[in-house]
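Me: I have a structure open and would like to talk it through with you before I set anything up. Could you look at it with me?

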Amino acid sequence: MDHRPQAWGRPRDDVYGAYDASYLHSNTPKTATQSPVVTGTSVVGLKFADGVVIAADNLASYGSLARFTDVKRLRVFLDSSVVGFGGDVSDMQYLDRHLNELAIDEAYDHLTPDSSASKTASLNAANLYKYLQKLMYARRNDFDPLWNQILVAGLDGAQKPFLGSVDLRGTSFTSPSLATGYGAMLAQPIMRRVAATEEDAARLTREQAVDVVKECMKVLFYRDARSLDRYSIAVVTKDGIELKEDEQLEKQSWAFAERIRGYGTQTV
Amino acid sequence: MEFGTSGKLSEDGIHLDMDRLKKGEVNLGTSIMAITFKDGVILGADSRTTTGAYIANRVTDKLTRVHDTIWCCRSGSAADTQAVADIVQYQLGLFAMNSGKPPTTQTAASIFQEICYANKDKLSAGLIIAGWDERHGGQVYSIPLGGSLHKQPYAIGGSGSTYIYGFCDANWKEGMEEADAVNFVKEALKEAIKWDGSSGGVIRMVVLTAKGADRHLYLPDTDYKIRHT
Amino acid sequence: MTSIGTGYDLANSIFSPDGRNFQVEYAVKAVENGGTSIGIRCKEGVVLAVEKVVASKLLKPGANKRIATVDRHIGVVYSGMVPDGRHFVDRARDEARSWRDTFKTPIPTADLASRMGGYMQAYTLYQSVRPFGITAIVGGFDSELEAPVDGEVGRGPSVGAGGKNPDKKHGGPFLYMIEPSGLYWGYYGAATGKGRQAAKAELEKLDLKGGADMSLLEAVKEAARIIHVAHDDSNDKEFELEMSWISGADGPTKGRHVEVPKEIREEAERLAKELLQDSSDEDNDKSSDKMEE
């Protein structure tokens, strides 16, 4: 008998061969980096004279499978900002719960919720944007990023329209118009036609901005294979948030398909 | 414990359940579903468990009780989903004792979701939670691979589910009578079993209502026509 | 107190021979010196009120709130040592958050009361700690609606979930009072602090459990009146009236615990003072009658 305690209760080496411990030390470095599984596609946002419009479709894809068609990707924060999420849905839900707790903690300092003093003192969209940037950057430094691209829409400390973007690496920037995912390629050019600069955006009316954003959602539906024709759209102004979560794309153009025959010289 | 490089999400996204498995692991390459109906919910599943192409168990019970009228359908790794279900069963038992009232389906779904999300890099578990409680009636929640939580009128999952998206979408009706609802689940799973090599064997169902849990069993050699038990 | 000075009152975790924990009883004394706190539960919600003694004229009026919110739907008010109360509230907020982290839903008022009761009781057991010098009143409104799980996406069938019992009501207003011993009960009306005797007498006159339930607005007025009745003008220092309320989702606070709006509070306080004036006038009349006898 082998009297070493290390050998007790183990198969005998002389009969079974030495224990193969190779699986314990894998050659690859240990990482916690994940990849997204259930994902949302683009979010688009556009500033106008006295607010911001933001929209995202209601689809959560599982690879190319359109798996969940009623996922609301615009989330309201403290009744004053809207956060739009692209990317992993489980991380979006984590962030949503986290922001909910943040909002509860924030309210602890303001027993009177409707007084104007407490409103300006609480977190606005610009603060929220900065907070999310720090959070996302900290998580990427842990090599455990939250796999999202986020747009924050609302008002800043001076009650001016605010629109900012944060991604999974903690990269952040603001602009009169912003879009994530395919939207950055397909929607941004459309929005920049009307709002290339802050000054242009400040001249847009609410109706104009909403129309442009709806046009963007249409183009994205035409050209993004992970998109849906049902979407959510929110308008944030000083007066509050108007959020519609089950909109249907309107005025699509498909009839010209009739004129398309063959792929070159064919005419019938 | 080595993850293959194939563990990434492939373009069709579906065979991901297989890829995420650890070497030699028993797989519930599966067809599972749960639906709401007029009086509560119905869970359904096939009974095939495979290791590669070999059927390790042909009469598996993939419908697992976590509380009297809260059950789950398990897909993905058998070991992972059993471990998760065991933890949730314990937590719900504790909750019931502490609060003196039965937990809600939401409570169960929340605990499931937290485990699946916090351990997303280690687990391959695709779960459907379905339950009946006095306050919320019948509810169905789906927790796919990443650990997100989705409330749904009905949910389908596992490798076989890909073949029945069309069937379910076309034949689904809200607020069905129990007999129609049972039939819907049966017909859907029959299709999944027919087309998916990783699904097969018997069809098991559990009906959850105010009256409690009621098990159904249908066998392939009678073309799933006769209800046993 | 017969056993004072026998050494049994020097520490927690030692009973006196007649089965008392003197440290807890001394903590109750601390409570009995504090400004009166009350809670009223009615069908539509819960009202909390406190007589905030103005310790110094240098303190800003309306600042330094004494009623605190826990999560969104629960309010806490206490009498006794204010720093102990602050710690109690901090702990209650931690409990509420940990509940949310596990169950992804707001903590029911009953569960918070139970956890805080357990927490306070633990401070009666050990040599190294002293009991809380407060009695806390915890009021909350558990949502009567079907609330989603935090972060939820998707929805059930549009016809609504099947198999519900439509007659059974859920949630509603709750009121608990937790004492330094860790003892807690659910109440229709609760009072603690200096003026608790008078306040309890007034609360008992209200019809809080009967079918003819008072409205939340009436409860606010009663709360203001009771705090004024319980206040001893001749001996006590000046005070501020602080009031908060919680209604259901279709009520004025939409299920949240918030301060009673200034206009309503001032109106309630004006009525309270008026009523008090009337009754004292009556008393004066009676006494003058007596003089004439």
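Me: Let's start with charges: which side chain meets K62(B) in a salt bridge?
Reply: This is a predicted model, and in it the side chain of K62(B) meets that of D46(B) in a salt bridge, with an N to O distance of 2.8 Å.

Me: And where do K62(B) and D46(B) lie in the chain?
Reply: K62(B) is in the loop between β5 (54-57) and β6 (63-67) of chain B, while D46(B) is in the loop between β3 and β4 (49-51) of that chain, so the pair ties together parts that are 16 residues apart in sequence.

Me: Are K62(B) and D46(B) buried or exposed?
Reply: Both K62(B) and D46(B) are buried.

Me: OK, what does E134(B) pair with?
Reply: E134(B) forms a salt bridge with K168(C), at 3.1 Å from N to O. E134(B) belongs to the loop between β8 (125-133) and β9 (137-143) of chain B, and K168(C) to the loop between β6 (153-154) and β7 (172-178) of chain C, so this pair joins two chains. E134(B) counts as partly exposed because its relative accessibility is 31%, and K168(C), with a relative accessible area of 40%, is partly exposed as well.

Me: What about K225(B), which residue does it bridge to?
Reply: K225(B) forms a salt bridge with D223(B), and the closest N and O atoms are 3.6 Å apart. Here K225(B) counts as exposed, at 61% relative accessibility, whereas D223(B) is partly exposed at 38%.

Me: Switching to the interface of chain B and chain A, how many salt bridges cross it?
Reply: Two salt bridges are found across that interface. The side chains of D91(A) and K120(B) also meet in a salt bridge, at 3.7 Å from N to O.

Me: And what area is buried between chain B and chain A?
Reply: About 2000 Å² is buried between the two chains, and carbon and sulfur atoms give 52% of that area. In terms of contacts, 25 residues of chain B touch 23 residues of chain A.

Me: Now the nonpolar side: which residues touch the most other members of the largest core?
Reply: The largest nonpolar core has 45 residues, and those touching the most other members are F112(B), I129(B) and F88(C). Leaving aside residues up to four places away in sequence, F112(B) touches several residues, including V66(B), C72(B), V84(B), L127(B) and I143(B). There is also a second, separate core of 30 residues, which includes L65(A), L99(A), M136(A) and Y117(B).

Me: Last topic, the sheet in chain B: in what order do the six strands come?
Reply: The six strands form an open sheet in the order β11-β2-β3-β12-β13-β14, with antiparallel pairing. Its edge strands are β11 (154-157) and β14 (227-228), each of which pairs on one side only.

Me: Could you walk me through the pairing from β3 onwards?
Reply: Six bridges join β3 (residues 40-45) to β12 (residues 203-209) in chain B, and I42(B) stands opposite V207(B) there. β12(B) then pairs with β13 (residues 212-218) over seven bridges, the bridge partner of V206(B) being R215(B), and a hairpin connects these two strands through two residues. Finally, β13(B) is joined to β14(B) by two bridges, with Y218(B) opposite R227(B).

Conventions: Residues are numbered from 1 along each chain as its sequence is written. Chains are lettered from A and ligands numbered from 1 in the order in which they are written. This is a predicted model: local features need pLDDT of at least 70, side-chain atom pairs count only at pLDDT 80 or more; totals for chains, interfaces and linings use all residues. Side-chain values use heavy atoms; hydrogens and water are left out. Two strands pair if DSSP finds at least two bridges between them. Helices (H or I, at least four residues) and strands (E, at least two) are DSSP runs, numbered from the N terminus. A nonpolar core is a set of buried Ala, Val, Leu, Ile, Met, Phe, Trp, Tyr and Cys residues joined through side-chain atoms within 4.5 Å. Buried means under 20% relative accessible area, exposed over 50%, partly exposed in between (1.4 Å probe, protein chains only). Contact means heavy atoms within 4.5 Å. Buried area is the accessible area (1.4 Å probe) that two parts lose on being put together, summed over both. A salt bridge is a side-chain nitrogen of Lys or Arg within 4 Å of a carboxyl oxygen of Asp or Glu.
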